[in-house]
2 protein chains.
Amino acid sequence: MTPPKLLDEAALKERELQIINSAVLLIQKNGIENLTMDKVVAQVPFSKGTVYKHFIGKEDLLLAISNLAIKLLSELFSKAFIFQGCTRERMLLVNFSYLIYAILHPALFQTCICAKAPNVLGKSSAERIQEQEQLETKLMGAIFGIFEEAIANKSLVMPEYMDMQQLCFATWSMAYGTISLLSSEVEQCSGRTNLVVERELFNQSNLLFDGLQWQPLTKDKMHCSELKVALEQVFPSEIQQLKEKGRELKF
Amino acid sequence: MTPPKLLDEAALKERELQIINSAVLLIQKNGIENLTMDKVVAQVPFSKGTVYKHFIGKEDLLLAISNLAIKLLSELFSKAFIFQGCTRERMLLVNFSYLIYAILHPALFQTCICAKAPNVLGKSSAERIQEQEQLETKLMGAIFGIFEEAIANKSLVMPEYMDMQQLCFATWSMAYGTISLLSSEVEQCSGRTNLVVERELFNQSNLLFDGLQWQPLTKDKMHCSELKVALEQVFPSEIQQLKEKGRELKF
DNA sequence: TTAAATGTGTGACGAAACGTCACTGACGAT
DNA sequence: ATCGTCAGTGACGTTTCGTCACACATTTAA
């Protein structure tokens, strides 16, 4: 048996991460619909009781995975945020970092969507839910910052009937709707529809930004070719990973 | 060749509907996270074996409920479609019929969202999944028709880089993202954010339509007041139900 | 040094839910 | 009267969940 030590905060976090990672591997292998606590326990050098010390239940574990996933996504958002370019370009990059993330980490993305389901939130611990809210707020931060800059440098005028939070939400929910509805086709372009998620995301982003009169407008600039360059520059390793997956972005 | 059927088709459908309705009542009462097949069986004058003749499992039942819900939503869409007004106005009505539906039938809406989760689709029967695809295609029909008219009467010019299916999807996914992300606040405006779902839906619809240069543009017309009138005219009973729920639309 | 207290880990266990299958009985055909 | 068919049944085996009484280590007190 493992020699038990007394409370060590860092070790606890370490162990929690180990459990989460094992669960992610199981999701990748068997699909999220077949994840069970028993399997997780079997994968991990701890007993069921110990696992349940960290997570009050299966849903709580799912939400924990989702929260970790949001943290990873935040890093991509940050990279997009610090890109040298016009604000509209950078916001487009943010939306595409979300998409890249969904393609590269389907298990994590899937878990994020599932974690939004009421049956998951309904059974998770209050702390974990609170953490999710904080993380989402932080995630919005990147979007928020770009809008602020855009308004400051006059490339965007805030509509008088909207505030900053609404602007952020508009961008976020548009990308969320597009990607999640097409998530089944995110990995491989299935034949069911003619919709290609990266193209739709690109179009809808631009429609929304044009609707906001965010300069430069689509008709004035080749956003498409510029985005490709920016993606190569900001996400070189991620783009490479996509190529290795045989899933090059086409739009 | 065909064996003698002692049971007629209609009775089977009738019974299936009875099971579905019982399940919906259980969801309304206990929440979708607590729905179990055992409870459904207990609510229904049939045995478990019979219930499983209709649905291969719990997820299949959920998808069946979702499909029924889509049919109901179709009816609202149809009402919006035949409204006498400009095309942009009618599309706005379609989006709002979706919202009204989400508020009036939270259990059904919730089930629709859950039915999109991979763990549900992964365990449902192929036939039921196919039915879902057909219903969604049909649902898109109303949106499709309005776009066709808009293009025919020149109030909208199709962007050269998009086709009809993409246009439809853009509208749909925008509304989906907005409503589903705010669904937790759909019934009661929770204090967590300052976002009000009907207002965000209104704004984002108009931003998208403005981005498409869909006439008349927001700056040229009071879409807001006109929408209120149209809602009263097209959905009088639904608006009344909303008032009875103490959930008047404010935007 | 010993005993008690406290903290940590374990896995057997009961409850709950799932889905199946051997059986029943009704009804038509022979 | 007998047989075959099939809708319907619900008890049963299985899976999964989450708990809890116990075991063992470490610390503290005597």
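Predicted model: local features only at pLDDT ≥ 70, side-chain atom pairs only at ≥ 80, totals over all residues.
**Entry 1: two helices in chain B**

I started with helix α1 of chain B, residues 9–30, and helix α6 of chain B, residues 106–115. Two packed helices are described by the angle between their axes and the distance between the axes. I looked up both values. The axes come within 9 Å and cross at roughly 100°. Angles of 65 to 115 degrees count as roughly perpendicular. α1(B) and α6(B) are therefore roughly perpendicular to each other.

Which residues make the contact? From α1(B) I noted B:Val24, B:Ile27 and B:Gln28. From α6(B) I noted B:Ala107, B:Leu108, B:Gln110 and B:Thr111. I then sorted the contact residues by type. Four are nonpolar, three are polar and none is charged.

**Entry 2: salt bridges**

Next I turned to charged pairs. Side chains of opposite charge can pair when their charged atoms come close. How many salt bridges does the structure hold over all chains? I found 24. I followed up some of them in chain B.

*B:Asp38 and B:Lys48.* The closest N and O atoms of this salt bridge are 2.6 Å apart. B:Asp38 sits in helix α2, residues 37–43, and B:Lys48 in helix α3, residues 48–54. The two residues are 10 residues apart in chain B. B:Asp38 has 48% relative accessibility, so I logged B:Asp38 as partly exposed. B:Lys48 has 39%, so B:Lys48 also goes down as partly exposed.

*B:Lys71 and B:Glu131.* Here the N to O distance is 3.5 Å. B:Lys71 belongs to helix α4, residues 58–81, and B:Glu131 to helix α8, residues 126–152. B:Lys71 is partly exposed at 36% relative accessibility. B:Glu131 is partly exposed at 25%.

*B:Glu136 and B:Lys116.* The closest N and O atoms are 3.1 Å apart. B:Glu136 lies in helix α8 of chain B, while B:Lys116 is in the loop between α6 and α7. They are 20 residues apart. Is B:Glu136 buried or exposed? Buried means under 20% relative accessible area. B:Glu136 has 16%, so B:Glu136 is buried. B:Lys116 has 27% relative accessibility and counts as partly exposed.

**Entry 3: a network in chain A**

Which residues are joined into one network by salt bridges that share partners? I wrote down A:Glu16, A:Asp60 and A:Arg128.

How values were computed
Residues numbered from 1 in each chain as written. Chains lettered and ligands numbered in written order. Heavy atoms only, no water. Axes fitted to C-alpha atoms, helices over the stretch in contact; angles between N-to-C directions. Helix = DSSP H or I, 4+ residues; strand = E, 2+ residues; numbered from the N terminus. Parallel < 35°, antiparallel > 145°, perpendicular 65-115°, else oblique. Contact = heavy atoms within 4.5 Å. Nonpolar A, V, L, I, M, F, W, Y, C, P; charged D, E, K, R; others polar. Salt bridge = Lys/Arg side-chain N within 4 Å of Asp/Glu carboxyl O. Buried < 20%, exposed > 50% of the residue type's maximum accessible area, 1.4 Å probe, protein only.
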